[in-house]
Amino acid sequence: MRYYDAYESARSCCPKEDYKKDYAAILESTFDNAFNIVYDDIEFEYEYGSNEFTPIEKVRVDSVINYTSSMVVDGDDFKTFIFMPDFPKPRLGMKFKWGENYWLVISTNTDESLSTSAEVRRCNNVLRFFDQYGNKIYEPCIIDTTLRFTKNIENYPITIGSNEEKIWCQRNSRTELIKPNDKFLFGTPNQRVCFRVYGAGTKNVLNTETMNDNSPSLTEIYIHHYQYNRELDDLQEGFANAYAYQFSLDISDCPTSYHVGDTGKFTGTIYKGENVFEGSIVWTSSDPKVINVDAEGNFSILQDGQATIVASMEENNLVTASLNIEVDTEDSYEVVVSPDIEYILQGNTQEFSCYLYKNGEQQQGDFTFKDNSINVPRDNYNLNIIDANHFSITNYKKYMYNPITINCT
């Protein structure tokens, strides 16, 4: 037993401070002797919402008692974590990893100078959804399976809902993307069930700090059974509306051969489904000594060889496209007539352009066009020279036996 001289304490320090120090010392000395202590197996999310975890040196783990029945509540799903005084202050929604499971803080009991504990609940499932750029998000969640009763009587008639569930998850930048009417898939791949968020089914109004709407907390989501769609939902991976978030990259218009000294800029197009999506593309080269390219696609050809150019969606680096490019020192020339078609329908007129290309770049130059057709009735078509790089052909009458041959020089 210890006692304090009020007069001496008043001159030196407050007795309360001595009590705190003694309590902290007792707590620390008894921690290692507790039957329920866990060493280094429990990890905590050291930066809220980051999904990055670090081990806790020691934690005491207690069961949770139901205050209405004085019985242990779902021992495998509810626990109380008791921490050393130097552990960071637990907050609602703080996330832990223990074994194969994630745990969320659903209640705290904190004294800044004495003990710190938190009631945690095991995440029994995961929300799978996409962000706006098609990145897959896996967010541990709690599907509330607590049975509810209608009256406080001995024979508890169970209240059965209309296939409704409540979900708890951490409120963070990812779960803030969840909107009314979003769908989620749960269950095994061969027995998926689909749920949809009610129109007003997201509850984000609980603040850990009264005046701070962005303070860490839990989000409650109310969902009900819904029909999944085999064509839009990925039943194997468990993502609803997966087709709507299929992004792709097209760089097919970029040339595949260059010469030393060439410069330019690669371009590409991002698609979400079949629609063009406004996003940024990042470019890299497999061999910067052959082709040097910056992130925006500006390139310079430095020496002979081969390199693979990779384009990636900046916001989702899993969406990529690649281009194999050959580099040599000899100039290549090509006459290109476009469009590249082999027929003209009767009654139609088709205009053509003709240009010389050097190493893939269009050159200035005049052409002469001469009709070298053989055994094609002249009354069936007409060749019209528009200018030194353009001509047109009019099909007056169908003729299927021999082709029109135009020599471009």
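Predicted model: local features only at pLDDT ≥ 70, side-chain atom pairs only at ≥ 80, totals over all residues.
1. Cysteines. The sulfur of C141 lies 6.9 Å from the closest cysteine sulfur, that of C123, which is too far for a bond. C141 itself is buried, with a relative accessible area of 0%. For C354 the closest cysteine sulfur is in C408, at 4.1 Å, again too far for a bond. C354 is likewise buried, its relative accessible area being 0%. A disulfide needs the two sulfur atoms within 2.5 Å, and the count of disulfides in this model comes to zero.

2. The mean pLDDT of the chain is 85, and 84% of the residues reach 70 or more. Residues 147-151 should be read with this in mind: pLDDT stays under 50 there, and the model has 11 contacts beyond four places in sequence for this stretch.

3. Overall make-up. The chain has 33 strands and two helices. It has 409 residues, of which 34% count as buried. Taking contacts between residues at least 6 apart in sequence, 53% join residues at least 24 apart. The chain exposes about 25,300 Å², with 47% of that area supplied by carbon and sulfur atoms.

4. Aromatic pairs. The count of aromatic pairs is 25. One of them is F129 with F184: the ring centres are 6.0 Å apart and the planes stand at 90°, so the pair is edge-to-face. F129 belongs to strand β11 (residues 125-130) and F184 to strand β14 (residues 183-186), so the pair ties together parts that are 55 residues apart in sequence. Both F129 and F184 are buried. A further pair is F186 with F195, whose ring centres are 5.9 Å apart and whose planes are at 65°, so this pair is edge-to-face as well. F186 is buried, with a relative accessible area of 3%, and F195 counts as buried at 7% relative accessibility.

5. Aromatic cluster. Which residues form one aromatic cluster? The members are F44, F81, F83, F87, F96, W98 and W103.

6. Charges over rings. The charged end of K97 sits over the ring of F53, at 5.5 Å from the ring centre. In another such arrangement, the charged end of R121 sits over the ring of W168, 5.6 Å from its centre.

7. Cis peptide bond. Most residues other than glycine have a negative phi, and most peptide bonds are trans. The bond joining S338 and P339 is a cis peptide bond, with omega about 5°. P339 is placed in the loop between β27 (333-338) and β28 (349-358).

8. Positive phi. Where in the chain is N51 placed? N51 is in the loop between β2 (42-45) and β3 (53-55), and its phi is near 60°, a positive value in a residue other than glycine. At 32% relative accessibility, N51 counts as partly exposed. N375 also has a phi near 60°, positive in a residue other than glycine. The place of N375 is in the loop between β30 (369-371) and β31 (381-387). Is N375 buried or exposed? With a relative accessibility of 59%, N375 counts as exposed.

Notes. Residues numbered from 1 in each chain as written. Heavy atoms only, no water. Helix = DSSP H or I, 4+ residues; strand = E, 2+ residues; numbered from the N terminus. Buried < 20%, exposed > 50% of the residue type's maximum accessible area, 1.4 Å probe, protein only. Contact = heavy atoms within 4.5 Å. Areas by Shrake-Rupley, 256 points an atom, 1.4 Å probe, with all protein chains shown as cover. Phe/Tyr/Trp six-rings, centres within 6.5 Å; stacked < 30°, edge-to-face > 60°. Lys NZ or Arg CZ within 6 Å of the ring centre and 35° of its normal. pLDDT = per-residue confidence, 0-100.
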